Amino acid sequence: MSNELMTFIEYIGQSRSISKETLLKALENAILSASRKSIHPASELKIKIDPPTGTIKAWAVLEVVDHVPENSDQLVIDRARERFPDVKVGDKVEWEVTPSNFGRIAASAARQNFTQALRQAEKENIQNEFTGRIGQILYGTVRKIDNLGNVVIDFQKAEGIMPLREQIREEKYASGDHINALLVKIDANTSGPGLIVSRTAPEFVLRLFEREVSEIHDGVVTIRGIAREPGKRTKIAVESADPRVDPVGSCVGIRGARVKRITEELGTEKIDIVPYSADIAVYVSNALLPAKVQSVEVDDEKHELRVVVKEDQSKIAFGRKAQNVRLAGKLVGWTVKLCDETSTERAPSIEEQMKIAAAKLSVAAGIAEADAAKLVASGFVTVDGLKAADRETLAAVEGIDTDALFAALEKLA
């Protein structure tokens with residue numbers, strides 16, 4: 001039994017990267033918990049496993065008394081002095097209380113408890129191994145996709161999970177795929193994988209740039225801001241501490257090699273790299289690239305920027321589904337309101353324009369305004385656009401009443 005036990009401990013330790021000491025401690029606790037009824041009933045018991053031999057022994061902490069013991073936590077002094085000649089009344093001693101054939105009893109009783117203790121040891125091991133790596137990119141292999149759509153990933157020393165919300169919607173994952181993901185959290189309390197990873201976090205793109213651009217890694221070039229819509233587009237603002245180093249050129253690389261490696265990792269996601277400026281008017285003009293800005297009015301009190309562009313630049317400045325201006329606002333951290341040079345009044349904000357479009361679509365299609373707002377945000381702004389879209393695409397819009405929408409479209413057909 002002893003040799004088999006130590007062989008088992010060594011195998012588990014090597015296969016799960018857990019130290020032998022940790023496993024022995026877990027097994028001692030499991031045996032103690034599972035076999036209290038079969039050994040000495042003292043209140044303070046200890047289980048000790050001898051590492052070289054695997055011999056299991058049980059010990060009780062007993063108080064030495066000079067009379068007949070009143071309870072199982074006491075030991076008469078004459079008996080105690082058989083092993084501890086110098087012991088005195090009132091002392092506490094560890095007294096071996098190992099039952100005969102205890103190895104078999106312990107192994108049988110502790111099987112379930114050890115499984116639980118092993119899981120806990122694994123969690124502690126993961127905590128120690130990965131705590132310092134939160135915010136870093138991990139490389140692993142997709143093991144499976146669970147029933148909730150979560151991606152379970154094998155990171156060799158631990159298993160992780162990428163919840164649906166942390167996945168890029170446009171990406172498809174399959175067992176055996178190699179994958180990079182950002183470690184965002186360690187959950188030691190869950191019964192499943194303990195590492196929580198993400199491919200949608202803005203920091204994921206930031207870490208990719210740090211990995212590919214040596215000037216960023218060395219601190220010469222700094223990423224001063226990042227705004228991201230995962231799977232669609234990311235804008236980053238960069239600044240150089242050395243006037244001789246072009247921050248944008250450093251990130252793009254020779255013939256675009258550096259940024260190409262990042263976009264290949266992100267699939268269809270586009271990357272805009274713009275120069276950072278402490279001048280907010282210059283900064284927002286850079287952030288709206290490739291659109292050309294005519295002028296910028298700064299309202300410090302409202303933390304608002306009124307950006308004027310030529311009429312032929314308006315569509316570029318807004319971008320598809322207002323994505324360009326929305327990301328520019330996130331990047332600079334101000335409210336950005338666009339208008340073309342022919343406007344005599346302040347242009348409505350993106351949010352106001354989308355609200356107006358949602359109200360019109362709600363009336364025209366005969367659907368709830370809340371559903372219309374979600375459809376507009378997904379790029380469906382007209383009834384004709386809804387009619388042209390296939391049902392699978394419409395059903396993919398989160399949070400809408402698809403039954404009501406399809407019923408309304410049938411009436412309009």
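Guide: Start at the contact itself. I280, Y283, V284 and A287 in helix 9 meet N324, A328, L331 and V332 in helix 11. Sorted by class, this contact of helix 9 with helix 11 has 7 nonpolar residues, 1 polar residue and no charged ones. Bear in mind that the model is predicted.

Now the geometry. Two packed helices are described by the angle between their axes and by the distance between those axes. Here, the axes of helix 9 (residues 280–287) and helix 11 (residues 323–332) come within 9 Å. They cross at roughly 140°. The crossing of helix 9 and helix 11 is right-handed.

Next, the sheet. Helix 9 also lies across strand 13, strand 14 and strand 15. Relative to strand 13, helix 9 runs at about 135°. The 3 strands form an open sheet in the order 13-14-15, with mixed pairing. Strand 13 (293–299) and strand 15 (335–340) stand at the edges. Each has a single partner strand, so one side of each is left without a neighbour in the sheet. From one strand to the next, the twist averages 20°.

Finally, one pairing in detail. Strand 13 and strand 14 (residues 304–309) pair in the antiparallel sense, over 6 bridges. For a specific pair, take V298: its bridge partner in strand 14 is L305.

Note on methods: Residues numbered from 1 in each chain as written. Predicted model: local features only at pLDDT ≥ 70, side-chain atom pairs only at ≥ 80, totals over all residues. Heavy atoms only, no water. Pairing = 2+ DSSP bridges. Helix = DSSP H or I, 4+ residues; strand = E, 2+ residues; numbered from the N terminus. Axes fitted to C-alpha atoms, helices over the stretch in contact; angles between N-to-C directions. Contact = heavy atoms within 4.5 Å. Left-handed = near helix turned anticlockwise from the far one by under 90°. Nonpolar A, V, L, I, M, F, W, Y, C, P; charged D, E, K, R; others polar.
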